[in-house]
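Let's take a walk through this one, starting with a single chain and ending where two chains meet. Have the viewer open as you read.

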Amino acid sequence: EALVLNDPDFQHEDLNFLSRSQRYEQAIRKSALMVMKLREHGIADPEEIFWFKSFVHRGRPEPLDLHLGMFLPTLLTQATPEQQDRFFMPAWNLEIIGTYAQTEMGHGTHLRGLETTATYDPATQEFILNSPTVTSIKWWPGGLGKTSNHAIVLAQLYTQGQCKGLHAFIVPIRQLGTHEPLPGITVGDIGPKFGYDEMDNGYLKMDNFRIPRENMLMKHAQVEPDGTYVKPVSDKLTYGTMVFIRSIIVGDSARSLSRACTIAIRYSAVRHQSELKPGEPEPQILDYQTQQYKLFPLLATAYAFHFVGAYIKDTYHRISGDISEGDLSELPELHALTAGLKAFTSWVANAGIEECRMACGGHGYSRCSGIPDIYVTFTPSCTYEGENTVMMLQTARFLVKSYTQVSSGQQVTGMVSYLNDLSRQRVQPQHVAARTVTVRINDPASLVEAYKARAARLVEAAAKNLQAELNHRRSKEDAWNRTSVDLVRASEAHCHYVVVKLFTAKLSEVSNAAVRAVLTDLCLLYALFGISKNTGDFLQAGILTSAQITQVNQHVKELLAVIRPNAVALVDSFDFHDVHLGSVLGRYDGNVYENMFEWAKKSPLNKTEVHASFHKHLKPMQSKL
Amino acid sequence: SVNPDLASERQTASFSVEKLTALLDGGAEQTRIRRAVVEAIESDPVFSRENQYFQTQNERYEAAVRKAVHLQKKMHEMGWTENGPEYKYIYRALSGDVAFLLHRVFMRSISVLGSDKQIAKWIPPATKHQLIGSYAQTELGHGTYLQGLETTAVFDIATQEFILNTPKISAMKWWPGDMGRSATHTVVFAQLYIHGKCYGIHPFIVQIRSLQDHSLCPGITAGDIGPKMNFEHIDNGYLMLKNVRIPRDNMLSKFCEVRPDGTYVRQGSQKINYFTMTTVRISLISDEVLTPLMKACTIAIRYSAVRRQSKLKPGEQEAKILDYQTQQEKLLPQLAAAYAFHFINDYLQELFDRGYREIQRKNFDMLPELHALSSGFKAVITHHCTAAVEICLRACGGHGYSLLSGLPSLYTKILASCIYEGENTILLLQTARFLIKCFMAASAGQPVPPSVTYLAAVKPGKCPAKNKLDFLRPDIYTEAYQHVAVRLISSTATKLQDLIQSGVKKYDAWNQCTVQLVQAAKAHCHYITVKNFAATVEKLETKAGIQRIMKHLCDLFALHGIFSNTGAFLHDGYVSAAQMDMVTASYLDLLAVIRKDAVPLVDAFDFTDKNLNSALGSYDGQVYERLYEWAQKSPTNKMSPAYERYLKPLLHNTLSKL
């Protein structure tokens with residue numbers, strides 16, 4: 001961290017004042033420098049690279065992201081040794097800069113729908129790549145627009161007249177030396193976006209572009225010189241990569257929300273407004289119950305997601321040992337769980353960041369607050385690596401499958417084991433009513449049980465509705481579609497339960513008593529606030545009574561007051577450096593107003609005292625009238 | 001040619017799109033006038049927004065100034081006047097992308113707050129744009145809470161002048177539009193001091209830039225506040241005053257006057273001024289809130305009929321994403337909300353017109369109710385519509401994230417409405433204060449204003465619905481909304497009283513109940529919206545299928561509100577667990593019904609392609625072709641210096657030379 005922050009080469013003007021082209025240029029400049037410095041300092045450990053990179057780019061995307069994060073790893077996992085010899089070292093030395101071109105203009109999450117074709121020509125031993133329609137143009141890959149000279153392209157493989165499905169090909173797209181697009185390649189930047197200004201997301205159109213047979217990544221599937229296709233062994237292995245990337249997004253949800261909370265809570269301690277008590281000076285807005293009600297549950301959420309992210313990463317590392325030994329038994333559950341958690345945490349964080357911004361009033365709207373930037377950078381994670389609704393439905397598929405197993409008398413294990421209880425409850429229906437009284441709203445462990453009961457009831461309801469649709473003799477797909485709103489709700493309830501459970505479990509691991517106490521308050525707030533926002537589910541299932549709901553609402557408000565004195569300390573603990581936070585409102589020293597003024601003076605509109613448009617437009621009008 | 005996926009959607013419309021457009025406009029004649037204005041503006045290249053997404057802040061600002069200047073000429077040419085029927089459509093036709101909006105606020109505040117003499121002096125040159133005004137109220141450290149403003153105006157009897165000062169940094173004026181670069185004058189709100197005594201906030205006309213060369217006047221520091229999430233075309237500004245002297249006549253003195261000897265005199269009733277502030281909140285709803293939501297719905301729904309993804313039935317081609325229940329559940333409630341709020345806006349406009357007539361007759365009885373309604377509805381509608389636009393944005397997946405979709409700009413623009421003209425939470429608490437007061441009065445048998453008479457008629461009981469079809473009866477769901485509003489208001493009132501009786505100070509008790517008070521205010525507004533929608537549908541003509549489809553939307557709006565807030569309805573058992581399942585079933589059934597008319601329902605909003613300015617939302621549905629064509633125009637596709645400067649050495653491994 002200090003290495004980067006003290007390096008004058010990495011300083012530059014505030015990004016908010018730069019145009020898109022300038023931001024891209026700055027990012028490229030820093031990436032080039034970064035690569036050099038990494039080598040200079042001899043940093044090679046992936047974790048260390050990650051931190052170094054995140055400080056160089058202050059947590060922002062950069063044009064080499066796809067090269068480092070997708071192109072190189074894909075070579076490692078999917079290229080044959082010969083291919084690695086040809087491509088890996090040049091790529092490592094950045095003579096080759098690559099990207100990963102999967103998404104097309106007309107097709108995203110549904111991979112089988114991709115239209116790009118790679119047709120094998122045995123006469124020349126080449127693949128002929130084509131973008132047959134407008135919708136098949138590769139669209140969005142980062143670094144494709146201006147930076148890369150190679151791309152790993154996903155295309156439908158045709159050989160011997162048959163389609164063999166999606167495969168990956170290494171495609172040179174720009175001339176080494178001149179960087180001009182190669183004949184047959186049309187490539188460019190897709191234009192301005194909500195955020196990601198420094199990233200040259202690109203398009204790629206191929207017209208009868210030929211690459212040698214050896215450019216298909218052939219570690220798993222192969223095309224022999226005569227065009228014979230050799231099938232891969234297992235496709236479950238790709239689950240591992242997906243789990244890994246999704247675990248990063250969960251961590252990102254936690255980090256982005258933590259940054260927004262840091263800004264909003266520090267600013268709320270600096271901002272004074274109106275009066276609480278007649279005659280007294282204006283209080284800090286953080287003293288208003290409504291402000292606490294907006295921010296503290298989000299603070300608790302940021303902590304919760306932090307622990308969830310760490311859990312998934314640990315689990316992934318634990319079982320990736322098993323995977324390499326060929327034991328894939330835990331993968332399906334982890335895959336289903338991370339799909340849902342990716343969607344759950346990114347949705348919540350997305351909304352939470354916006355709430356933090358709103359809680360900063362007008363100044364939150366200025367780019368100097370830094371929150372607009374956090375939002376526009378984070379919000380695409382609801383879409384990329386699997387659109388959230390689709391992710392929720394994947395988790396639901398697993399839940400319904402588990403429910404069906406339980407119904408047919410089998411036991412299920414892992415996070416869904418609560419479904420086993422459902423069969424017992426059906427035998428003793430009064431059991432449900434009896435349990436109502438046992439929820440103790442001051443006890444996290446008891447609240448975990450409440451969330452568990454809610455998840456069980458919503459999974460059951462969705463599964464039953466699905467069955468009812470099937471009984472109406474609808475096709476499987478149609479029935480699934482007609483139940484999908486219920487299914488998403490069930491997945492959300494399941495994920496919510498998992499988050500409460502993991503947060504609660506974390507408490508016992510904390511040895512410092514004061515830290516444990518404050519984390520327990522946050523955990524309770526997280527769980528109780530979640531109930532108060534979803535009272536209907538708990539009431540309808542008879543898990544809590546109306547009287548208990550009233551108590552829950554009351555207890556939430558009491559917890560706000562309890563957390564208030566620790567609020568700033570709790571965001572300080574996230575330990576974001578001012579440069580990384582990039583916010584005038586969220587500065588550690590709280591000198592907000594002076595610095596807003598300093599910042600504004602640098603605005604591009606203030607470059608000259610009298611703006612050019614005065615002479616061009618205003619003056620002529622005034623003289624004419 | 002129209003994309004067949006979109007063409008087929010239009011063939012099955014169950015109602016006349018043209019008739020619905022006329023209903024939204026308030027008559028076919030209005031539709032005609034609106035289209036004429038739009039046509040005149042869009043055919044003039046000066047008003048083009050074609051390159052908007054590629055422009056820098058400086059370019060956007062300059063274009064907006066140019067348009068504002070050109071608009072004067074255009075209006076003259078077309079014979080449009082500020083009082084004419086065309087005027088209200090100009091802003092919509094320009095999509096708000098024009099400078100000098102604050103100039104109008106400047107003129108209006110002089111007309112409302114100034115004496116006849118001041119009006120005669122300032123309005124004619126302002127009308128001719130010989131000076132350009134702004135309106136400087138908000139400060140760096142103070143927003144909605146006006147009494148907290150820190151700028152001072154001290155009266156100097158010797159010179160008969162006011163001396164204006166910004167005593168500290170948090171007192172700097174911050175945010176006023178048109179002030180950063182354009183304005184020559186501004187109305188400054190400052191604490192008035194005479195003989196060392198503070199008389200509170202008053203408005204003063206202050207010249208800030210030279211009328212000759214536009215340079216800043218002595219004692220003035222002013223500039224642009226820097227980039228924001230949107231409104232790049234507006235030069236929101238800051239202003240610092242250092243011993244700036246203005247003549248005594250520059251204090252706007254319709255209601256308060258400082259005599260030459262320093263005597264402070266109040267005159268007339270401030271209430272009319274108060275009413276003006278209240279109407280601003282209502283007047284912004286149509287252009288600043290409903291239009292963006294209607295545009296976002298148009299883009300997202302048309303795109304969802306064109307975009308295909310995965311298969312619903314094996315062997316068929318990939319399905320339109322609009323056919324997925326989850327996609328319908330995202331978009332159709334937002335569409336229903338756009339209609340619901342359109343009708344409540346009509347209702348509020350009418351109510352305010354009536355209020356205005358009463359006030360001119362010196363009858364101020366309606367004022368508290370109008371104030372409560374304007375605060376509450378401004379907050380509820382801006383909040384709801386902002387969230388709705390974001391849902392539309394995210395429902396368009398990756399392409400929604402491109403500026404070329406038009407959705408990011410719509411979102412960043414509409415979300416400012418949650419803050420300006422009063423921060424939403426504070427406004428809801430004002431409404432809540434009114435509701436609590438009325439509830440107490442009603443409980444004591446005293447008369448209350450019409451919109452809250454329901455608080456007097458509290459009937460205990462349960463929801464009478466017996467099957468899912470009963471929840472398509474407006475009387476059933478309206479009653480449920482009413483029940484929840486009454487319950488939330490009465491329980492909060494009781495809690496407040498209990499706290500006060502137990503010895504808690506009044507202001508502390510209030511702060512402890514604010515979370516509930518906000519919920520109560522929202523429930524009240526939600527109830528009125530549902531009730532008004534149902535009443536509007538009942539009055540519609542049954543011809544051309546309009547009433548039927550509006551009834552569906554009304555049902556959807558109401559049931560969506562229950563579905564997403566089940567706890568409030570279940571809480572005291574008014575709606576039972578079994579009934580809640582019926583609500584869900586009816587709600588989900590409605591999605592499939594409205595799905596069939598989704599595209600015609602957005603077509604009825606009648607936005608031109610130029611007005612939408614979206615690669616995803618155009619009428620012909622040629623989404624991908626347009627996206628590709630527009631992307632090629634991006635400035636980033638001109639050769640960037642980044643390659644020669646940084647990439648080339650990187651690729652050629654000559655980094656050390658850098």
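In this predicted model, 63% of the 658 residues of chain B count as buried.

Now for the fold itself. Chain B is built from 23 helices and 11 strands. Its radius of gyration is 27 Å, close to the 26 Å that the globule rule gives for 658 residues, so chain B is as compact as a globular protein of that length. If you'd rather think in terms of a box, the C-alpha atoms of chain B fill one of roughly 90 × 80 × 60 Å along the principal axes.

Charges come next. Chain B carries 73 positive side chains and 62 negative ones, and the centres of these two sets sit 3 Å apart.

Finally, bring in the partner. How many residues does each chain bring to the contact? Chain A puts in 128 and chain B puts in 130. Between them, chain A and chain B bury an area of about 10900 Å², with 61% coming from carbon and sulfur atoms. On the chain A side, look for Phe194(A), Tyr365(A) and Leu605(A): together they supply 7% of the area that chain A buries against chain B, more than any other three residues.

Terms used
Residues numbered from 1 in each chain as written. Chains lettered and ligands numbered in written order. Predicted model: local features only at pLDDT ≥ 70, side-chain atom pairs only at ≥ 80, totals over all residues. Heavy atoms only, no water. Helix = DSSP H or I, 4+ residues; strand = E, 2+ residues; numbered from the N terminus. Rg over C-alpha atoms; globule rule 2.2 N^0.38 Å. Buried < 20%, exposed > 50% of the residue type's maximum accessible area, 1.4 Å probe, protein only. Lys, Arg positive; Asp, Glu negative; His and termini not counted. Charge placed at Lys NZ, Arg CZ, Asp CG, Glu CD. Contact = heavy atoms within 4.5 Å. Buried area = accessible area lost by both parts, 1.4 Å probe.
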